[in-house]
Amino acid sequence: MDSRDVPVDDEVGSRTRRSLLRTIAVTGVAGALAGCSLAGRSGGSGDDTETPDGTAPPDAPATDVPATDAPEPYFEPGPTVRLEEVATGLVSPSALVTADDGTDRRFVLDQVGTVHVIEGDDLRAEPFLDLTDRLVAVGEGLPNWVSYDERGLLGIAFHPAFAENRRLYVRYSAPSDDEELDHRERLSEFTADDDGERVDPGTERVLMDLPWARPIHQAGTIEFGLDGYLYGALGDGLNPFNGQDITGELKGGIFRIDVDGGSPDALPVGRGEDLDGGERPYGIPQDNPLVGAEGRDEYYAWGLRNPWKMAFSGDRLIVGDVGQAEWEEVNVIERGANYGWPLREGLHCHDPQTGTSSDEGCVDESERGEALVDPVLEFPHFADDRAVGFAVIGGHVHTGSVSAVADSYLFGAFTSSFEEPAGRLLAADPSGSGQWPVQEIQFADRDRLDIQVLSLGVADGDSYVLGTRAALAEDPLSQTDGVVYRIASA
């Protein structure tokens, strides 16, 4: 079998994860995502409670260490804000967006299949859209190396002319009747009723229906740019080489399409049809970088691993790309740029055959001669044997009224612990030309952030952070511990 058909970290990565888990146990933090995606360490089906030599990890030491002996925080303490609870009772809130329709509605996705409306500070009882019966069984039937199911209802974007045409677009994970696949990743168009209050699932028109062999690394965010085109994030599907394959299946990059073009009767892309000269259910912007060149016309940028969350801030598209071995990164996306995965991880060299990162054996360009673009910031999974954070959650530049974080890029780290909700909310200064300096946001109303961070959102200048109060060890997708916070002045 070709090695590109198998996740290269199935064996080596399993040993790496066990080493990390042992390190966590030794330092008193009992388990974590070990620096992969939201699904835990990619690859490896062995028992992750064992160490590399097959023995059980040592017991964690007592945690009643005097405060004066506590290690210095990795991130410099940053501005102080308050968190106002806006909505609860969700399972896994995966996005918060608005529609340009003259209302003050905020739409919240719940990963398990529903879209809810927040008006004022109340969550409507009836969902705006319910796709529960079209999704895979989120949280069920997963291999034992998956700590958090990444599948489900993953992205939503309202057409710029939604007030007139009532069209919206959704990314979700659908079941597959092919035993060789885990599921299919679907991008669909829906139409709301005339007053824009509800969406009938029967209005669905599928634009993309992509085969997905494994249950993670599909990303899912979609968003319209100022140019009117729809941008979407696709992970590498747990095959790292997909980040550099621009000719095969759409994986490991950002696509850009024209939802107002194409043939409305064309089959969805991804069902195996030959697209050379064929019809698509969407158009291709003619300035997409691979139009007329080798590669898929849909690509806008590539070389990404698992761009779980992205957002436009003005005309800048900023993406958080979840790391594998040691580093998390944030990238500013430019047309035709290659962001290095799996040849680079953050600012560091990466060996895709071993799944390890170092500062040796670096390459600066792809096999096609493209320069590999550095991220604007990175942070490690561990520093001095303490957990920093696992799985970066991309955010946005705050332009609202909270002066403490004015013009800061707000983003998150999903978690730093397996046994308690321990995400981080971070702020970076995006004004310089080099690496963006990062600080950790402090809270006036609590000692720390009490959720695993799943997403950030923005509406009418206000910034929101979404997550779950359930720890990974508590099977969070079976609980309604999801919460939406609004960031407010201290």
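Is leucine 131 buried or exposed? Leucine 131 counts as buried because its relative accessibility is 0%, where buried means under 20% relative accessible area, exposed over 50% and partly exposed in between (1.4 Å probe, protein chains only).

## Basis of the model

This is a predicted model in which local features need pLDDT of at least 70 and side-chain atom pairs count only at pLDDT 80 or more, while totals for chains, interfaces and linings use all residues. Residues are numbered from 1 along each chain as its sequence is written, and side-chain values use heavy atoms, with hydrogens and water left out.

## Nonpolar cores

The largest nonpolar core holds 70 residues, of which Phe128, Phe158, Leu168, Val170 and Phe411 touch the most other members. A nonpolar core is a set of buried Ala, Val, Leu, Ile, Met, Phe, Trp, Tyr and Cys residues joined through side-chain atoms within 4.5 Å. Strand S25 (residues 409-415) gives this core its largest share, five residues; helices (H or I, at least four residues) and strands (E, at least two) are DSSP runs, numbered from the N terminus. In soluble globular proteins, nonpolar side chains tend to be buried together.

Apart from residues up to four places away in sequence, valine 170 touches Leu129, Leu131, Leu153, Gly155, Ile156, Arg186, Leu187, Ser188, Phe190 and Ile222, contact meaning heavy atoms within 4.5 Å. Leucine 131 itself lies in the loop between strand S6 (129-130) and strand S7 (153-158). With neighbours within four places in sequence left aside, the contacts of leucine 131 are Gly113, Leu153, Val170, Tyr172, Phe190 and Pro201. Leucine 153 is 22 residues from leucine 131 along the chain, and their C-alpha atoms are separated by 8.0 Å.

Glutamine 218 is located in the loop between strand S10 (205-212) and strand S11 (222-224) and is buried, with a relative accessible area of 0%. Its side chain reaches the backbone oxygen of glutamate 150 at 2.9 Å. Residues up to four places away in sequence not counted, glutamine 218 touches residues including Glu150, Arg151, Arg171, His183, Glu185, Trp212 and Asn306.

Histidine 398 occupies the loop between strand S24 (390-397) and S25. Histidine 398 counts as buried because its relative accessibility is 1%. Its side chain and that of serine 463 are joined by a polar contact of 2.7 Å. A polar contact is a pair of N or O atoms within 3.5 Å; within protein, one must be able to donate a hydrogen and the other to accept it, and residues adjacent in sequence count only if both atoms are side-chain atoms. Beyond neighbours within four places in sequence, histidine 398 is in contact with Val405, Ala406, Asp407, Ser408, Leu410, Gly461 and Ser463.

## A partly exposed loop residue

Aspartate 475 belongs to the loop between strand S29 (462-468) and strand S30 (482-489). Its relative accessibility is 44%, so aspartate 475 counts as partly exposed. Serine 147 is 328 residues from aspartate 475 in sequence, yet the C-alpha to C-alpha distance is 8.6 Å.
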